[in-house]
Amino acid sequence: MLGKLAKLLRMCGFDAEYYKAGLNPETIKNFKDAERTILTRNLKFQKYRGPVPIFFPDNDDPLIQLKIVLTKFHLHDQIRFLSRCMECNEEIRPVEKEAVRGKVPFYVFDNHDTFFQCPKCERIYWEGTHVEKMKEKLQRALG
Ligand SMILES: [Zn+2]
């Protein structure tokens, strides 16, 4: 179960699809068609010798998993915070401040000028304390 890792990867701006169903012929085909690498902790697949690259982040802590993956695939330089929706993996887009009036808390609206929105789930993102805290957490974990 790498759902938390998928969200962390998205938060860093990486295209990370997540299948609750896990690995089966259909999801493996999706990975292949999209030329993705499979990340799984399902050790049943350790003997998998199919056409899709597969990697096993061997740790229980999602932050450590993230560190393992970023290191393995040399991704540290490609982190882009606030570029992808954590929930649905879509790239988020800048939106006019006026467009989010009433859709974010007052104090957020008053204190920020730059907002982003997911085109799929319409979730609104902004550079705030939450993002700052996550960045700090990540930087500590990635050390
Ligand atoms: Zn979304």
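Predicted model: local features only at pLDDT ≥ 70, side-chain atom pairs only at ≥ 80, totals over all residues.

Student: Which elements do the buried residues of helix 3 pack against?

Tutor: The buried residues in helix 3 are Gln-65, Leu-66, Val-69 and Leu-70. The elements they pack against are helix 1, strand 1 and helix 5.

Student: Why do the buried residues of helix 3 line one face of the helix?

Tutor: An α-helix has 3.6 residues a turn, so residues three or four places apart point the same way. On the other side of helix 3, Thr-71 and Lys-72 are exposed. The buried residues line one face because, seen down the axis of helix 3, they fall within an arc of 130°.

Student: At what angle do helix 3 and helix 5 pack?

Tutor: Two packed helices are described by the angle between their axes and the distance between the axes. Helix 3 passes helix 5 in a right-handed crossing. The axes are 9 Å apart, and the angle is about 65°.

Student: How many charged residues are in the contact of helix 3 with helix 5?

Tutor: From helix 3, Leu-63, Ile-64, Leu-66, Lys-67 and Leu-70 take part, and they meet Lys-137, Ala-141 and Leu-142 of helix 5. Sorted by class, the contact has 6 nonpolar residues and no polar ones, and the number of charged residues is 2.

Student: What covers the buried residues of helix 1?

Tutor: Buried in helix 1 are Leu-5, Leu-8, Leu-9, Arg-10 and Met-11. Of these, Leu-9 touches Phe-14, Ala-16 and Leu-66, leaving aside residues up to four places away in sequence. The cover over the buried residues includes strand 1 (38-39), helix 3 and helix 5 (129-142).

Student: Which residue with positive phi follows helix 3?

Tutor: Helix 1 is followed by Gly-13, with a positive phi near 95°. After helix 3, the residue has a positive phi near 50°, and that residue is His-74.

Notes:
Residues numbered from 1 in each chain as written. Contact = placed C-beta atoms within 7 Å. Buried ≥ 20, exposed ≤ 12 C-beta atoms within 10 Å, placed from the backbone. Helix = DSSP H or I, 4+ residues; strand = E, 2+ residues; numbered from the N terminus. Axes fitted to C-alpha atoms, helices over the stretch in contact; angles between N-to-C directions. Left-handed = near helix turned anticlockwise from the far one by under 90°. Nonpolar A, V, L, I, M, F, W, Y, C, P; charged D, E, K, R; others polar. Arc of directions from axis to C-beta.
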